[in-house]
Amino acid sequence: DQNYAFVCEQLKSVRQDLTIQNIQNSFAIKVYECHARIALEKLDTTEYNQCQTRLIDLYQLNENLGNPHEFLCYRILYYIYINNTSDAIKLIAKTIREKKRHLRTLILVLEFLTPGPRGIIISFLNLFGRPKMEDI
């Protein structure tokens, strides 16, 4: 899709600027979250994974910013989507062990596992009410 390719390139450019300038604040989190959501909607696992990897670091640096619970769900679903159930199970177990307050988040993930992968992603995007590609 032409629109997605254009938006993706623009967001990658902004992400590169953030990295070069070592910007690791709430704006950086918003950019990475936005790009990750759009990539998920388009099933672009490469772009999603790049964003998710950086978000893990950004959330550790900025504990009270962004949407780490939402992206924890997406990471579990991503592992399942790429048939990496081992890492999905490890992440679920680690989350339960370390952060019992996230149990409701994990239950939401499990409730959405019945539709196909695209249905799961769209359902989560709708659940969290986040911008999608069509909103840009």
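## His 35 in helix α2

His 35 has its place in helix α2, which spans residues 26-41, and the description that follows concerns a predicted model. With a relative accessible area of 0%, His 35 is buried, because a residue counts as buried when that area is under 20%.

Leaving aside residues up to four places away in sequence, His 35 touches Tyr 4, Cys 8, Leu 11, Lys 12, Arg 15, Glu 47 and Cys 51. Two of these partners, Glu 47 and Cys 51, belong to helix α3 and take part in the contact of that helix with α2, in which His 35 is itself included on the α2 side.

## Overall make-up

The protein contains seven helices and zero strands, so that from the N terminus on its elements run α-α-α-α-α-α-α. Of the 136 residues in the protein, 38% are buried.

## Helices α2 and α3

Two packed helices are described by the angle between their axes and the distance between the axes. For helix α2 (residues 26-41) and helix α3 (residues 45-61), the axes come within 9 Å and cross at roughly 150°; angles over 145 degrees count as roughly antiparallel, and α2 and α3 are therefore roughly antiparallel to each other. The crossing in which α2 passes α3 is left-handed.

On the α2 side, the residues that meet α3 are Ala 28, Ile 29, Tyr 32, Glu 33, His 35, Ala 36, Ala 39 and Leu 40, while α3 contributes Glu 47, Tyr 48, Cys 51, Arg 54, Leu 55, Leu 58 and Tyr 59. By class, the residues of this contact of α2 with α3 divide into 11 nonpolar, one polar and three charged.

## Leu 43 between the two helices

The loop between α2 and α3 holds Leu 43, a residue other than glycine whose phi is positive, near 55°. At 30% relative accessibility, Leu 43 counts as partly exposed.

Leu 43 can also be placed relative to Tyr 81: the two residues are 38 residues apart along the chain, and their C-alpha atoms are separated by 9.8 Å. Tyr 81 is found in helix α4 and, with a relative accessible area of 34%, is partly exposed.

## Helices α3 and α4

The axes of α3 and helix α4 (residues 68-81) come within 11 Å and cross at roughly 140°. The two helices α3 and α4 are therefore oblique to each other, and their crossing is left-handed.

In this contact, Thr 45, Tyr 48, Asn 49, Gln 52, Leu 55, Ile 56 and Tyr 59 of α3 meet Pro 68, Phe 71, Tyr 74, Arg 75, Tyr 78 and Tyr 81 of α4. These residues of the contact of α3 with α4 divide into nine nonpolar, three polar and one charged. Among the α3 residues named here, Tyr 48, Leu 55 and Tyr 59 are also listed in the contact of α3 with α2.

## Helices α4 and α5

Helix α4 packs against α5 at an angle of about 155°, with the axes of the two helices 7 Å apart. At this angle α4 and α5 are therefore roughly antiparallel to each other, and α4 passes α5 in a left-handed crossing. The contact is made by Leu 72, Arg 75, Ile 76, Tyr 79 and Ile 80 of α4, together with Thr 85, Asp 87, Ala 88, Leu 91, Ile 92 and Thr 95 of α5. By class, the contact of α4 with α5 has seven nonpolar, two polar and two charged residues. Arg 75, which is one of the α4 residues in this contact, is also among those of α4 that meet α3.

The loop between α4 and α5 (85-98) includes Asn 83, for which phi is near 60°, a positive value in a residue other than glycine. Asn 83 counts as exposed, at 69% relative accessibility.

Definitions and conventions: Residues are numbered from 1 along each chain as its sequence is written. This is a predicted model: local features need pLDDT of at least 70, side-chain atom pairs count only at pLDDT 80 or more; totals for chains, interfaces and linings use all residues. Side-chain values use heavy atoms; hydrogens and water are left out. Helices (H or I, at least four residues) and strands (E, at least two) are DSSP runs, numbered from the N terminus. Buried means under 20% relative accessible area, exposed over 50%, partly exposed in between (1.4 Å probe, protein chains only). Axes are lines fitted to C-alpha atoms, for helices over the stretch in contact, and angles run from 0 to 180 degrees between N-to-C directions. Angles under 35 degrees count as roughly parallel, over 145 as roughly antiparallel, 65 to 115 as roughly perpendicular and the rest as oblique. A crossing is left-handed if the near helix is turned anticlockwise from the far one by less than a right angle, and right-handed if clockwise. Contact means heavy atoms within 4.5 Å. Ala, Val, Leu, Ile, Met, Phe, Trp, Tyr, Cys and Pro count as nonpolar, Asp, Glu, Lys and Arg as charged, and the others, Gly among them, as polar.
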